[in-house]
Amino acid sequence: MTDETLSLPPGFDRGLTQLIDAIETLRDGLSDEETLTTVQAVTTRRRLFLALYALKAIRRQLADTEHRPSQGDHEVVTWDDPAQALYHIKLRLDRLLEDLSIQGYDHSSQEYSIEQTLETIRDHIVILQDALSEGSTDNSTLLEKLSSHRSVYVDVAGRGVGDGRWLEYQLQRALIRWGYQAATRQKLFNLEVDVVATRKTKQHKPSDWIVAQCKDWTSDTITPAKIFRLCTIAFACRAMPVLCHTTELTPRAEKLARHFEVRVLDLRDLERGALPAPQVYSLSAELNEWPPEYGVRDDRGSLPLMFYREPGKRFSYVPGFTPVGMDYDYEPIDADRDDDTHPAAGH
């Protein structure tokens, strides 16, 4: 609890919760929306992600005061198309802003700062609403309007079209929250690595070290070459590979990512409470049939026989570990090691 009390209109916390629910429902539904171009869908999801970040920061601010958001204020939100959903989201923002404007807050107050944040979010919703309702396929117009407008996300001033720093920053923040020390844009033999991270408290797992590649794209797809580059860097760094993206993977790239146990993350994964595991199984197209299911460790095969029988020749990003089981688990190679010594020490 803080000593300062916010003087907000009655029902503001309930309206804020309903607004967050509406935006989250729209953002989740855009993954399967077929009426939008790839650029429109990805750009809209990104902007809604930024809006949610700001709105949830306000909700956390309310949780520290007497205006605690009610747990019973959630509601089911339905919509027929993105334009309709944006229309209702704008209406909710208008109601909140109208209630705030009546109060006439001082410009130095926290309430006024909340009002300004909501106004910025509303401006972006209007831009998205206009672009989508017109049915325009001119992606450059949408990107130009959003990039030239004041940013919802004020913490990062350098974000722009073709500038990947924003996504790198989001991944860095998530890794720090998951217990890592993380840095962006590091060098490996004159190659740039987007994000490098190491766990503060080692868990004696290969994922104690991570190298990540970020692709904040709106139209291009991720090809096998990108996966090979990431995995090569991971092997060289003796770290586990992570791919963070806002676009799509080609079928071949997706298969390679599974085979090499790459952790593939999108924006929603960055909101999770821990580092997600790699996707090692694919969905079955069958119904009510139970054929044997093979994981990536079966599909990718093994090393050539000439190497396979030699000691130390194992598929493992981090020396000192060997894959065990059919999923993504590893175990130390040296069973008689000291408990205080990391399995990778000395390798």
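Which residues does I89 touch, not counting those up to four places away in sequence? They are L19, A22, I23, L26 and I125, with contact meaning heavy atoms within 4.5 Å.

Some ground rules. This is a predicted model, where local features need pLDDT of at least 70, side-chain atom pairs count only at pLDDT 80 or more, and totals for chains, interfaces and linings use all residues. Residues are numbered from 1 along each chain as its sequence is written, and side-chain values use heavy atoms, leaving out hydrogens and water.

Now helix α1, residues 12-29. Helices here are DSSP runs of H or I, at least four residues, and strands are runs of E, at least two, numbered from the N terminus. At 1.5 Å a residue, times one less than the number of residues, the 18 residues of α1 should span 26 Å. The end C-alpha atoms are 26 Å apart, which agrees. Of those 18 residues, 13 are buried, that is, under 20% relative accessible area with a 1.4 Å probe, protein chains only; exposed is over 50%, and partly exposed is in between.

Next, the cores. A nonpolar core is a set of buried Ala, Val, Leu, Ile, Met, Phe, Trp, Tyr and Cys residues joined through side-chain atoms within 4.5 Å. The largest has 35 residues, and I89 is among those with the most contacts inside it, as are F12 and L118. At least two residues each come from α1, α2 (38-63), α3 (82-103) and α4 (110-133). The largest share, 8 residues, is from α2. A second, separate core has 24 residues, including I222, M240, A253 and V264.
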